[in-house]
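Hi,

Here is the structure I said I would pass on.

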Amino acid sequence: MTKAGSRSLVMGYGLALLGGLFLTADIPTLRLADADLTSALLFRSLLEVGAALLIWAVWRIARGDAPALVPGWPGLLVSFFYGTGSIVFIIGVMESAEHGATGALLFLLATSPLLAALLSFFFLGERPSLPTWIALATVLLGVGLIAGNPTAGSTLVKICGFGSALLIAAAITTSRWSGRAMGFTPLIACVLPAMLGAALMMMGDGVTIDVGSWFWLTVNGALVLPIAFFLLAQAPQYIPAPQAALFYLLETTIAPVWLFLIFGETLSTPALIGGGLIVGAVAFDTAMQIRRTKRPPGIRPRRSA
């Protein structure tokens, strides 16, 4: 490997690692903000959009090659999926805070890469490999353990976790189909939950803002999420996408540790087993994709006689 290639890999892994670590602080900082659903939808989303616009403006002034915020009608569709997924995710976080089941929500969110593979199979004709089918079957078992466990949160938490993962998978599949750069689209998509939050606030008896800590809400919306998604969106320019996607699992594996240390939140044994199956299956499938990516063209593994 050349020195330039080595530097490119270091850059890619560094961006993905930092992005993944920032993402682990998403749910803890949102919980620390102690905001109600309406305030979280409105102000968290506005902070994300504002930070994205600031990053985009600086990029455009400094380099002049900033990608489109929403590239055409495929970008609008991707924005819809991401925006709706953000709404479902925030509802899930608010609900899980009442039942101490945020870890289960995170484990269900981790199914999105494999759901994207399934959607690509049905809508794009991309046939999943045997390891992906094995991983999907394992994920189904893990989801069943969490969904069938009454101590792993309410039914709404489980619906929100799996629903958000499905919407993210739909956004990923649409992005892949379009072939366009969508780095800023997930952040600009937060206009949708902001609009919903504003509408709900206006429909209430007067404008009521319920935010326990503006500091933590600002950290979440203006720092944690924009930095995390920006870094993770840039990483595939230097390393293969399957390798970059693996770093999203840092949130699933590390965030429950923060939740335990900060809020004393624990998971039941069936939920832990189900979560372990999901994380392990996604990691296994990603590792198989990386292996296929690294294999030189025309080289096939030898079979024993």
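Arg44 and Glu48 meet through their side chains in a salt bridge, 3.4 Å from N to O (a salt bridge here is a side-chain nitrogen of Lys or Arg within 4 Å of a carboxyl oxygen of Asp or Glu). The two sit 4 residues apart in helix α3, so about one helical turn separates them. Helices (H or I, at least four residues) and strands (E, at least two) are DSSP runs, numbered from the N terminus.

Before I go on, a word on the source: this is a predicted model, where local features need pLDDT of at least 70 and side-chain atom pairs count only at pLDDT 80 or more, while totals for chains, interfaces and linings use all residues. Residues are numbered from 1 along each chain as its sequence is written, and side-chain values use heavy atoms, with hydrogens and water left out.

Back to that pair. Arg44 counts as buried because its relative accessibility is 2%, and Glu48 counts as buried at 3%. For these labels, buried means under 20% relative accessible area, exposed over 50%, and partly exposed in between (1.4 Å probe, protein chains only). Asp26 is buried, as is Arg44. Put together, Asp26, Arg44 and Glu48 are linked in a network of salt bridges.

How many salt bridges does the rule give? The count comes to 4. One of them pairs Arg63 with Asp65, the closest N and O atoms being 3.3 Å apart. Next, the overall fold. The chain has 14 helices and 0 strands. Of its 305 residues, 47% count as buried. Contact means heavy atoms within 4.5 Å, and among contacts between residues at least 6 apart in sequence, 87% join residues at least 24 apart. The chain exposes about 15,100 Å², with carbon and sulfur atoms supplying 69% of that; accessible areas come from the Shrake-Rupley method with a 1.4 Å probe, and for residues only the protein chains shown count as cover.

On to the inside. A nonpolar core is taken as a set of buried Ala, Val, Leu, Ile, Met, Phe, Trp, Tyr and Cys residues joined through side-chain atoms within 4.5 Å. The largest has 36 residues, and Phe89 and Val93 touch the most other members. Helices that each supply at least two residues to this core include α2, α3, α5 (102–109) and α8 (155–178). It is α4 that gives the most to this core, with 8 residues. A second, separate core has 17 residues, among them Leu114, Val143, Leu267 and Val282.

What does Val93 touch, not counting residues up to four places away in sequence? The list is Ile27, Leu30, Arg31 and Leu105. Arg31 lies in helix α2 and is buried, with a relative accessible area of 15%. Leaving aside neighbours within four places in sequence, Arg31 is in contact with Val93, Ala97, Thr102, Leu259, Phe263 and Glu265.

Trp73, Leu76, Leu77, Phe80, Trp177 and Leu192 make a nonpolar surface patch of about 650 Å². Patches are made of residues with over 30% relative accessible area and no salt bridge, where like charges are joined within 9 Å and nonpolar side chains (Val, Leu, Ile, Met, Phe, Trp, Tyr) within 5 Å. Helix α4 (residues 72–99) brings the largest share of the patch, 4 residues. Trp73 is in helix α4, and at 55% relative accessibility Trp73 counts as exposed.

Asp34 has a positive phi of about 50° although it is not a glycine. Most residues other than glycine have a negative phi. Asp34 is in the loop between α2 (26–33) and α3 (37–62), and is exposed, with a relative accessible area of 54%.

As for cysteines, a search of the whole structure finds 0 disulfides, a disulfide being a pair of cysteine sulfur atoms within 2.5 Å. Cys160 counts as buried at 5% relative accessibility, and Cys190 counts as buried at 3%.

Cheers
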